[in-house]
Amino acid sequence: MIYLGNFIFLTNQEAADANERRHGSFNLVVNAPNEAAAVDFFKTRIEQYRDESSFFEGSCEIFFLQLLEFDRLPEDQAVMLNYRSQAGDPLLPYIECAAPLSDNN
């Protein structure tokens, strides 16, 4: 099965200078035999990124938001996986859905 994990992170939130604080999101994808194995692969890869890159420096919290599982992917068209619509100011509420379809979004 193909597993896609969606994550958000907060890094250096204790820094006084706002330019030193970071937040964001990322996705990991893996072909794994089951959900538990996929989660283990995700954990291992995140630990590697923490050790080998500057992506998650300093005091960092990572939150696992969503796990999508696919037994196959379409061969004739692309599929939208995450859609987010936000009106006005970035701090206002938003609408978000995973794998939306045009007939039931």
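Okay, let's start on the outside, with Leu65: its relative accessibility is 53%, so Leu65 counts as exposed, since the cut-off for that word is over 50%. Keep in mind that this is a predicted model.

Where does Leu65 sit? Leu65 is part of strand β3, which covers residues 60–70.

Now let's go inside. The largest nonpolar core has 13 residues. Which of them touch the most other members? Those are Tyr3, Phe7, Phe26, Leu28, Val30, Ala32 and Phe42. The top contributor is α1, which puts in four residues.

Let me pick out Phe26 from that set. If you skip residues up to four places away in sequence, Phe26 touches Gly5, Asn6, Phe7 and Phe9, and also Ile46, Phe56 and Ile62.

Last stop, Thr11, which lies in strand β1. Is Thr11 buried or exposed? Thr11 comes out at 3% relative accessibility, so Thr11 counts as buried; the limit there is under 20%. So what is around it? Leaving out neighbours within four places in sequence, Thr11 is in contact with Glu20, Arg21 and Arg22, then with Phe55, Phe56 and Glu57, and finally with Ser59 and Cys60. Notice Phe56 there: Phe56 is on the contact list of Thr11 and on that of Phe26.

Conventions: Residues are numbered from 1 along each chain as its sequence is written. This is a predicted model: local features need pLDDT of at least 70, side-chain atom pairs count only at pLDDT 80 or more; totals for chains, interfaces and linings use all residues. Side-chain values use heavy atoms; hydrogens and water are left out. Helices (H or I, at least four residues) and strands (E, at least two) are DSSP runs, numbered from the N terminus. Buried means under 20% relative accessible area, exposed over 50%, partly exposed in between (1.4 Å probe, protein chains only). A nonpolar core is a set of buried Ala, Val, Leu, Ile, Met, Phe, Trp, Tyr and Cys residues joined through side-chain atoms within 4.5 Å. Contact means heavy atoms within 4.5 Å.
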